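Trainee: I have a structure open and would like to go through it with you. Could we take it piece by piece?

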Amino acid sequence: MSLGSNKIRLVLGCLIGAGFLYLAGRNVDFSLMWEAFTKVNYGFVLIAVPVIFLSHFLRALRWRYLMNPIKRVDVASLLSALLIGYMANILMPAHLGELLRAYVLGKKREVSASSTFATIVVERIIDVFALLLLMVFAILLYPFPDWINKAGYAMLAGTVVLFVFLILLKKYFPFFERFLHLFLKPLPKGLQERLERGIRSFVLGIVPLRKGWDYLVVAVLSVVIWVCYGFIIHLVLYAMDFVSLYRLPWWTSLIVLVVTTIGVVVPSSPGYVGTYHWLCQVSLAMFAVPAGPALSFAILVHGVNFLPVLIVGLILAYYEGVEIFRVDRQTASPKA
């Protein structure tokens with residue numbers, strides 16, 4: 001599949017991003033925005049970069065526990081595939097990088113890409129539950145606007161429905177498989193067999209962890225990963241001197257993390273441009289930070305989170321022989 005075959009998704013993603021960029025920039029005093037940039041202490045920014053890669057290493061380590069029931073894979077291979085996938089998410093809309101991530105690992109370590117993709121779906125479910133737990137904790141510290149609470153309820157409902165569906169799909173797959181065969185029957189035989197094989201492999205990837213102890217390890221790793229994310233935001237708040245300038249409480253970074261992650265979870269523009277920036281403004285406005293400096297913060301924290309991953313991901317993609325802008329159809333529909 002080439003990027004060109006996803007023009008509709010790309011255009012829609014860019015339109016969404018442009019719309020949110022307009023919302024973020026419409027009430028900005030650009031002189032205040034520039035002034036905020038001139039006061040940045042880049043020492044804090046430099047500290048944030050290794051924390052970003054630490055969080056991704058911990059993600060790869062957690063992914064290994066999810067992959068172990070399918071096949072034991074070294075953390076280095078998982079980290080490489082993860083960073084390539086995240087890099088693709090920056091360049092492509094709608095989380096298409098997750099498909100590339102499964103494809104890269106499948107090709108590199110001869111493991112079913114469909115089963116690998118199932119572990120990524122499970123990983124995302126874990127992340128959403130972790131985000132919702134953070135949101136519950138954050139609500140105790142600060143009352144969110146009603147629309148954010150509703151977004152949280154919608155995410156909870158959607159995640160629970162997906163989680164229950166995966167369990168039922170795994171438990172009663174022979175039943176689902178009969179309906180799947182009838183649904184796919186009008187398609188050409190070769191395509192039908194390939195899709196059925198891919199879905200079967202996906203279901204095989206929905207497996208419990210190997211040991212009871214692994215659940216605790218995955219839970220602890222998930223907590224530390226999210227602590228890293230919050231610490232990065234905290235460092236950038238200090239880098240821009242917002243903590244003393246606007247007398248921000250220690251839990252400001254938690255509120256910003258929860259609100260902005262809503263925009264990352266929902267598929268939108270490439271690199272979450274626009275949605276991320278507007279949500280940064282929304283969260284900082286709760287603490288009386290003006291729109292201009294808040295947009296400066298959004299640009300800086302977005303760049304800190306995404307530019308290092310983009311650069312390293314491109315280098316790894318080149319090393320692995322992955323052509324980002326012309327990935328074949330295997331990426332879009334992971335094989336068994």
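Trainee: Which helix is Ser222 found in?
Mentor: Ser222 is found in helix 10, residues 212–239, where helices are DSSP runs of H or I with at least four residues, numbered from the N terminus. This is a predicted model, in which local features need pLDDT of at least 70 and side-chain atom pairs count only at pLDDT 80 or more, while totals for chains, interfaces and linings use all residues. Residues are numbered from 1 along each chain as its sequence is written, and side-chain values use heavy atoms, with hydrogens and water left out.

Trainee: Is Ser222 buried or exposed?
Mentor: Ser222 counts as buried because its relative accessibility is 7% (buried means under 20% relative accessible area, exposed over 50%, partly exposed in between, with a 1.4 Å probe and protein chains only).

Trainee: And what is Ser222 in contact with?
Mentor: Leaving aside neighbours within four places in sequence, Ser222 is in contact with Arg62 and Ile126, contact meaning heavy atoms within 4.5 Å.

Trainee: Where in the chain are Phe129 and Phe163?
Mentor: Phe129 is in helix 6 (residues 113–141) and Phe163 in helix 7 (residues 146–171), so the pair links distant parts of the chain, 34 residues apart. Phe129 counts as partly exposed at 28% relative accessibility, and Phe163 counts as partly exposed at 40%.

Trainee: What about Tyr272 and Phe306?
Mentor: Their ring centres are 5.7 Å apart and their planes are at 45°, so the pair of Tyr272 and Phe306 is tilted. Tyr272 counts as buried at 7% relative accessibility, and Phe306 counts as buried at 15%.

Trainee: Last one, where is confidence lowest in the protein chain?
Mentor: Confidence is lowest in helix 15 (residues 329–332), at a mean of 44, and highest in helix 3 (residues 42–67), at 95; pLDDT is the predictor's confidence in each residue, from 0 to 100. For the protein chain, the mean pLDDT is 83, and 90% of the residues reach 70 or more.

Key
Helices (H or I, at least four residues) and strands (E, at least two) are DSSP runs, numbered from the N terminus. Rings of Phe, Tyr and Trp (its six-membered ring) pair if their centres lie within 6.5 Å; planes under 30 degrees apart count as stacked, over 60 as edge-to-face and the rest as tilted.
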